[in-house]
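Me: Please examine the model shown here and answer some questions about side-chain packing.

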Amino acid sequence: MRGIHKRFPGVHALSDVDLEIAAGEVVAIIGENGAGKSTLMNILGGVHQPNSGTIEISGTATKIRSVSEADAHGIGFVHQELNVLDNLDVGANVFLGREPRRFGLINRRKIAADTTPLLARLGLEIPPETPLSELSIGQQQMIEIAKALSKQARIIIMDEPTSSLTLTETERLLEVINDLREEGISVIYISHRLGEVRQCADRVVVLRDGKNAGELQRGEIEHDAMVSLMVGRELKRSAHERNEQEALTDGLSIINLRTTTYPDCEVNFQVKGGEILGMAGLVGAGRSELAQTVFGVDPAMGGSITLEGLPIQLGSARESIRSGIYLAPEDRKKTGLILEFDISQNISLASLKDHCSRLAIINRSSERNEAQRQVDALKIKTPSTATTAMNLSGGNQQKVVLGKWLSMSPKVIIFDEPTRGIDVGAKAEIYKLMRALADEGVAIWMISSDMEEVLGISDRIVVMHEGRITGELEHVEFSEEAVMHLAVGGRQVNAA
Ligand SMILES: Nc1ncnc2c1ncn2[C@@H]1O[C@H](COP(=O)(O)OP(=O)(O)OP(=O)(O)O)[C@@H](O)[C@H]1O
Ligand SMILES: [Mg+2]
């Protein structure tokens, strides 16, 4: 790709960008939220047309006018936002639009037979007839990768493939990437997880503000070198102060709570006011379901919760919000945002009454001011607060979800994978915000599959496995091994 320019209304998303990739090479593209990574890949994948610039494949000038033309050129695309249809089963998703037929009818047996080895290759032990809706986001992501593999792609673009995968799934994916490289397939890998980039990339291409900002070759791929090219300055790694346990308040208590996912398991724990409680576990451990039950969007099968010692009615999100319990959900596209709304409408969504006159007329300028405050605080990259959420980069969408809750007065915030898809600089900002909230006495319950984050940010960690809490770690006991041990269902070994 040479001299690529792409403009959107109010945004020069790509400016004279070059990208080369050899057969069998794994190139990572990194850059801050909104740097233009997905846009560049959308051009290669035929989703967008560039305003100018050229693309050559194997030395031949090529125009990629649509996704199906990209397919025909052997370009497979695993999108940042999931593209799977959850009313179909696994096999139907993998072969969507290319269903093998027999006597004019879709040949389900062949779909199943062809899907099974692909799933095995990705380490997914599920039958091809499983409905997509029964899979976790992480597993659905794997299905997209299976789809690209099934198309015999020569170039596979993976836009943040691991952002919702667990440790084991991520390891498996990195192995798959190695296999692809050996088969001469090129992989373009976009990730904010610099550790993974270091593990798998042959070369790193850095974008900053829509321009090439530099490259790193295999031996030069180090955390600090990547960060300084991405942000254009040195980034201080700040160690945070943890709060003294004595200063903590009662916060949120979860008592014998049972969810619909694991109706036989009773969960008991406490998130104290003033602390950041990290919750670790593998995909399917039931963490998100637990959070949704506490927040009231999923029904509880039994048990109770209290906030500052007072009982809170279960099963009503309205009641939770009124009491100051908020949930920033994992799946921003489905439940975190209204994509058709602009930034200020999304941010004011849960606090509209604060922006209303007594006659219930919305005061748009007060709404906009609050939105602007969050845009500044979270450094959301956008031309204005009137930009539609759909047109923001993935990481910036995530920041809008956070902005919605931060604009209110929380007592408890449940963050489900809060920094998924967020760049290193912005992550540091979000951690600072969480810490500031905790210092003000807010109880922070952070569900995270990012080991670095769980160990680095939490004051205390609880670990879940198949619906049960398998252990609780105080700060002195923190280690990757201890968390993993409990996450796979091991017993707690108390530090003597
Ligand atoms: N369809 C669109 N309409 C308008 N603006 C867009 C559109 N798509 C992207 N943009 C803008 O182009 C810029 C680059 O966005 P892009 O999605 O490529 O960033 P990114 O590097 O992938 O970021 P992230 O790490 O957050 O995913 C952003 O300012 C974004 O808001
Ligand atoms: Mg992106």
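Me: Which residues does threonine 39 touch, not counting residues up to four places away in sequence?
Reply: The structure is a predicted model, in which local features need pLDDT of at least 70, side-chain atom pairs count only at pLDDT 80 or more, and totals for chains, interfaces and linings use all residues. Side-chain values use heavy atoms, with hydrogens and water left out. Contact means heavy atoms within 4.5 Å. With residues up to four places away in sequence set aside, threonine 39 touches Lys6, Phe8, Ala13 and Leu14.

Me: Is threonine 39 buried or exposed?
Reply: Threonine 39 lies in helix H1, residues 37–44 (helices, H or I, of at least four residues and strands, E, of at least two are DSSP runs, numbered from the N terminus). Buried means under 20% relative accessible area, exposed over 50%, and partly exposed in between, with a 1.4 Å probe and protein chains only. The relative accessible area of threonine 39 is 13%, so the residue is buried.

Me: How are the rings of tyrosine 326 and tryptophan 405 arranged?
Reply: Rings of Phe, Tyr and Trp (its six-membered ring) pair if their centres lie within 6.5 Å; planes under 30 degrees apart count as stacked, over 60 as edge-to-face and the rest as tilted. For tyrosine 326 and tryptophan 405, the centres are 4.8 Å apart and the planes make 20°, an arrangement that is stacked.

Me: What is the relative accessible area of tryptophan 405?
Reply: Tryptophan 405 belongs to one aromatic cluster with Phe295 and Tyr326. Tryptophan 405 is buried, and its relative accessible area is 6%.

Note on methods
Residues numbered from 1 in each chain as written. Chains lettered and ligands numbered in written order.
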